[in-house]
Amino acid sequence: MKNRTVKVGRNDPCPCGSGLKYKKCCLGKSKPDSDNLKASYAKKYRIRLKQAADIQGIRNAGRLVIDTLDLVESEIRPGIRTDEINTLVHEYTIKHGAIPAPLNYRGFPKSVCVSINEVICHGIPGERVLKDGDIVNVDITSILNKYYADASKTFFVGTPGSNARKIVRVAKKCLTLGMSMVKPGNTIGDIGWAIQKHAESQGCSVVREFVGHGVGFDFHEPPQVPHFGRKGEGIRLIPGMVFTIEPMINLGEKELVILKDNWTAVTQDRSLSAQFEQTILVTDNGFESLTPYD
């Protein structure tokens with residue numbers, strides 16, 4: 001995914017978070033008071049803004065995550081067991097001096113989430129074998145030098161059918177549209193609004209129970225980033241915020257069921273589900289993906 005730069009217009013909400021228009025607030029000033037913003041967001045929302053050194057640390061972890069996804073993609077084929085994907089991710093992560101964040105997180109038993117077809121998220125690798133025509137989401141979070149980065153892709157296994165092509169296409173576009181809404185002065189609600197609007201226009205649905213989240217210092221931090229919502233609502237975006245956008249899009253209805261393992265989430269109607277995810281930094285003029293892929 002290419003990074004985008006978006007200018008703040010005179011009539012846009014001011015990136016300082018005041019609620020005023022840019023022309024009535026910080027236009028002409030050098031910068032909003034970053035120290036006050038940092039303290040304000042920490043107190044009001046428990047959001048820890050990232051500084052230059054932190055951003056570079058997350059960016060380094062993100063590079064490892066993308067390299068690991070690329071390795072997985074090269075091995076995806078009919079006949080491979082999901083536990084083989086887990087071994088691949090685990091060994092590559094450790095080899096490069098990092099830690100797989102999912103392993104033992106709140107009792108999760110593996111190093112990566114592998115979710116096939118009707119599985120929305122949190123699929124536990126095991127003996128299940130990928131078959132021709134499947135779709136499979138691989139969700140990787142690595143900890144490198146104490147910094148976290150998180151990304152996922154949904155892959156085709158062999159030759160996909162028309163439904164598989166559709167849900168993967170829609171989910172990928174939803175991520176692109178959600179990212180396009182990230183700039184200072186916009187809100188978290190703008191992200192969800194763009195995603196929901198596209199998904200539903202294609203006859204698909206957006207999962208409500210699982211959302212994007214702050215990341216970097218920890219696996220999950222504030223804020224939560226729903227993939228549905230109303231334009232202009234929610235926390236205003238300011239530079240230094242780092243969070244994931246990870247829309248989970250169902251071909252059928254939005255309802256889900258959690259299986260007996262207390263982790264695996266599947267579509268209630270067993271329709272296909274796809275997801276794409278990146279770790280996003282709000283910059284002074286727009287955004288940067290810290291886990292960039294096309």
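Guide: Buried here means under 20% relative accessible area. By that cut-off, the buried residues of helix 4 (residues 162-180) are Ala-164, Ile-167, Val-168, Val-170, Ala-171, Cys-174, Leu-175, Gly-178 and Met-179. Bear in mind that this is a predicted model. The length of helix 4 fits as well. It has 19 residues, and at 1.5 Å a residue these should span 27 Å. The end C-alpha atoms of helix 4 are 27 Å apart, so the two values agree.

Now the close look, at helix 3. Helix 3 covers residues 82-95. Its 14 residues should span 20 Å at 1.5 Å a residue. The end C-alpha atoms are 20 Å apart, which agrees. The buried residues are Thr-82, Asp-83, Ile-85, Asn-86, Val-89 and Thr-93. Seen down the axis of helix 3, they fall within an arc of 150°, so they line one face. The background is simple. An α-helix has 3.6 residues a turn, so residues three or four places apart point the same way. On the other side of helix 3, Glu-91 and Lys-95 are exposed.

What do the buried residues of helix 3 pack against? Their partners are helix 2, strand 2 (99-100), strand 3 (113-116) and strand 5 (135-144). Just after helix 3 comes Gly-97, with a positive phi of about 75°.

Take the helix partner next. Helix 2 (residues 52-75) packs with helix 3 at an angle of about 145°. Their axes are 10 Å apart. The crossing is right-handed. From helix 2, the residues in contact are Leu-64, Asp-67, Thr-68, Leu-71, Val-72 and Glu-75. They meet Ile-85, Leu-88, Val-89 and Tyr-92 of helix 3. By class, the residues of this contact divide into seven nonpolar, one polar and two charged.

Helix 2 has another residue to look at. Glu-73 lies in helix 2. Is it buried, partly exposed or exposed? Its relative accessibility is 41%, so Glu-73 counts as partly exposed. Leaving out residues up to four places away in sequence, Glu-73 touches Lys-153 and Phe-155. Between these two in sequence is Thr-154, 81 residues from Glu-73 along the chain. The C-alpha atoms of Glu-73 and Thr-154 are separated by 9.6 Å. Strand 6 spans 147-156.

The backbone has some points to check too. Arg-46 sits in the loop between helix 1 (34-45) and helix 2. Its phi is near 60°, a positive value in a residue other than glycine. Arg-46 is exposed, with a relative accessible area of 61%. Asn-145 lies in the loop between strand 5 and strand 6. Its phi is near 55°, again positive in a residue other than glycine. Asn-145 is exposed, with a relative accessible area of 61%.

Finally, the peptide bonds. Where is there a cis one? A cis peptide bond joins Pro-222 and Pro-223, with omega about 5°. Pro-223 is found in strand 9 (residues 221-225).

Methods:
Residues numbered from 1 in each chain as written. Predicted model: local features only at pLDDT ≥ 70, side-chain atom pairs only at ≥ 80, totals over all residues. Heavy atoms only, no water. Helix = DSSP H or I, 4+ residues; strand = E, 2+ residues; numbered from the N terminus. Buried < 20%, exposed > 50% of the residue type's maximum accessible area, 1.4 Å probe, protein only. Contact = heavy atoms within 4.5 Å. Expected span 1.5 Å × (residues − 1). Axes fitted to C-alpha atoms, helices over the stretch in contact; angles between N-to-C directions. Left-handed = near helix turned anticlockwise from the far one by under 90°. Nonpolar A, V, L, I, M, F, W, Y, C, P; charged D, E, K, R; others polar. Arc of directions from axis to C-beta.
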